[in-house]
Amino acid sequence: MNDLLSVENLTFENCHGKRWQRKGTKFTLGPVNFSIRAGETLAIVGANGSGKSLLAKLLVGLEQPDSGAIYLNERKLEQYDNKHRVLNIRMVFQNSNESLNPGITLSSILEEPLKLNTNLDSQARMRKVEQTLKLVGLLPEHRFFYRHMLSDGQRQRVALARAIILNPQVIVADEPFAALDPSVRSQTVNLLMELQRELGLGFIFISHNLGIVRHISDKILVMKQGKVVESGKTDVIFHWPKDEYTKKLVQAHQALISGQD
Amino acid sequence: MPRLNLYQEEFYPSPIQNTWKEFKENHAALMSLYCVIFFIFVMIFGPLLAPFDPLQQHIEFLLVPPAWDNNGDISHLFGTDGLGRDMLSRIIYGCRMTFGISLVLVIISMLIGVSLGAMAGMSKGLRSSVVNHLLDSIMAIPTLLIAIIIIAIVGTGLVNSMWAISLALIPQFIHQTRDIVRQKMKKEYVLAAQLDGAGKVHIFFNSILPNMAEMLVVQVTLALSVAILDISALGFLNLGAQAPSPELGALLSEGLASAYVAPWNIAMPGAAIFLMMMSINLVGDGLRSALRYRLLR
């Protein structure tokens, strides 16, 4: 089976401040290598400021890498080929509250990607919006709602609906569960896994919660200060961590679980 | 027997409905809104309401006091001026002129200001900051002063004063729009729209404008009161509308000549300007607090 998305030697150098007032602070990401297949889940773990979100931005094309390449279905994603990227790699933001426009209804929010990227007429767009709302466990009537009428869990579902409405192949999620309380979190996790099974999505997500990571991911990428310190299958990493940093992470997680029981 | 309500209809107000609900709580603002609506009504149907032509001189009724005075005459409700012109008709036409011209000027400068401000807000770097600081320095000068300077260059007259005032109003709109656009551009939903492949124009009209409409309404009411004040001030100084035309400021300056004999000649246009300004300011204020509290709840 071929790789759905693969990343080779991706690097990025971030200088804080303007070019003419360059200061000492410099952040280098990478080189990053990984690949996932359809239906697989990759978790990116690491401390704050380790470049996880930056990696997500590079994947969806908000930032341009300095070197390296991203291949989707073994086809290289060019820098200016945004259409192809938009249709196939979609992002879910950390704070679903912020990522939904407060001034327009859900149907306009969900219609926007369809308007911009497909040739559907307005009726077909509406049908698609209704279908997608049902798919994420909301009602078709929710399309008349505004953001402030929804609960946090519902907002996260809408954010997810927005991501899957274009039938993408990969979803990149930046801490999608961080802002949710435990019951809604597990609902969302289950919803995601269900959708992944149904649609055969490749799913890349960033999380601090190693419990969720262990539960849903097939592979793990551990990052520290912009470098990938360890990557591999979830089971392998949780049972036989090689790197010092990974060992600490896993130990902390184990301590937390045994403390709970 | 009380009616059983089996199906509870859930009502979810839109942001605009929420604002209206908050606005209704403020009685002063609501009354002012009715007042503004009354002025708009007068502005549209003025010629049908006015009993006489504003320029017609009634030789037999010179300086007649208002109807409630002992010497007053019911055919001239607000009295007449030194040339025997009916005050009520002149004020109706004056409101029509002052209010209508201000409204047109504000709409024009809003369109220009918002489009320039949007361009400034969406662009980055040196160009944007040049626009910003240049405008800030212009904003430090009162609009009336800018208008007078422009009139000193192009000459007096109503049309010239209109140009001057709309030019003086534009910087405020640019500044406000630029601020809001910059602020919204940092939001995640704009980022999400960018990821949908939206261009700058699309982002402005679909993501930013729906959230900006309310701020614009507030800014428009403020600009409207400034425009009315400036138009009548220029008319009063004989820089704007010239003598026979029934503009409220020009009426005031004409009435000033006979202020001791016929104080109603300055009281009436003054009261009209006062009422207009107060209602518009109160509506603006009510809208602003309604928007603020709507966001809090």
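A: Gladly! One thing to keep in mind as we go: this is a predicted model.

Q: Let's begin with the sheet in chain A: in what order do the strands of the open sheet come?

A: The general idea is that strands of a sheet pair through backbone hydrogen bonds, either parallel or antiparallel. Here, 6 strands of chain A form an open sheet in the order S6-S7-S8-S3-S9-S10, with mixed pairing. Strand S6 (89-92) and strand S10 (227-233) each have a single partner strand, so one side of each is left without a neighbour in the sheet. From one strand to the next, the twist averages 15°.

Q: How many bridges join strand S9 of chain A to S10(A)?

A: Strand S9 (residues 219-224) of chain A is joined to S10(A) by 6 bridges, and the two run antiparallel. To find your way, look for A:Val222, which stands opposite A:Glu230 in S10(A).

Q: Which strands does helix H6 of chain A lie across?

A: Helix H6 (residues 152-164) of chain A lies across S6 and strand S7 (170-174), running at about 170° to S6(A).

Q: Moving to chain B, which residues are buried in helix H7?

A: Buried means under 20% relative accessible area. In helix H7 (residues 188-195) of chain B, the buried residues include B:Tyr189, B:Val190 and B:Leu195. Just after H7(B), B:Gly197 takes a positive phi of about 90°.

Q: And which residues make the nonpolar surface patch of about 680 Å²?

A: That patch is made by B:Phe38, B:Ile40, B:Phe41, B:Ile44, B:Phe45, B:Leu48 and B:Leu49. Take B:Ile44, found in helix H2 (residues 27-49) of chain B: with a relative accessible area of 49%, B:Ile44 is partly exposed.

How values were computed: Residues are numbered from 1 along each chain as its sequence is written. Chains are lettered from A and ligands numbered from 1 in the order in which they are written. This is a predicted model: local features need pLDDT of at least 70, side-chain atom pairs count only at pLDDT 80 or more; totals for chains, interfaces and linings use all residues. Side-chain values use heavy atoms; hydrogens and water are left out. Patches are made of residues with over 30% relative accessible area and no salt bridge: like charges are joined within 9 Å, nonpolar side chains (Val, Leu, Ile, Met, Phe, Trp, Tyr) within 5 Å. Accessible areas come from the Shrake-Rupley method with a 1.4 Å probe; for residues, only the protein chains shown count as cover. A salt bridge is a side-chain nitrogen of Lys or Arg within 4 Å of a carboxyl oxygen of Asp or Glu. Helices (H or I, at least four residues) and strands (E, at least two) are DSSP runs, numbered from the N terminus. Buried means under 20% relative accessible area, exposed over 50%, partly exposed in between (1.4 Å probe, protein chains only). Two strands pair if DSSP finds at least two bridges between them. Axes are lines fitted to C-alpha atoms, for helices over the stretch in contact, and angles run from 0 to 180 degrees between N-to-C directions. Contact means heavy atoms within 4.5 Å.
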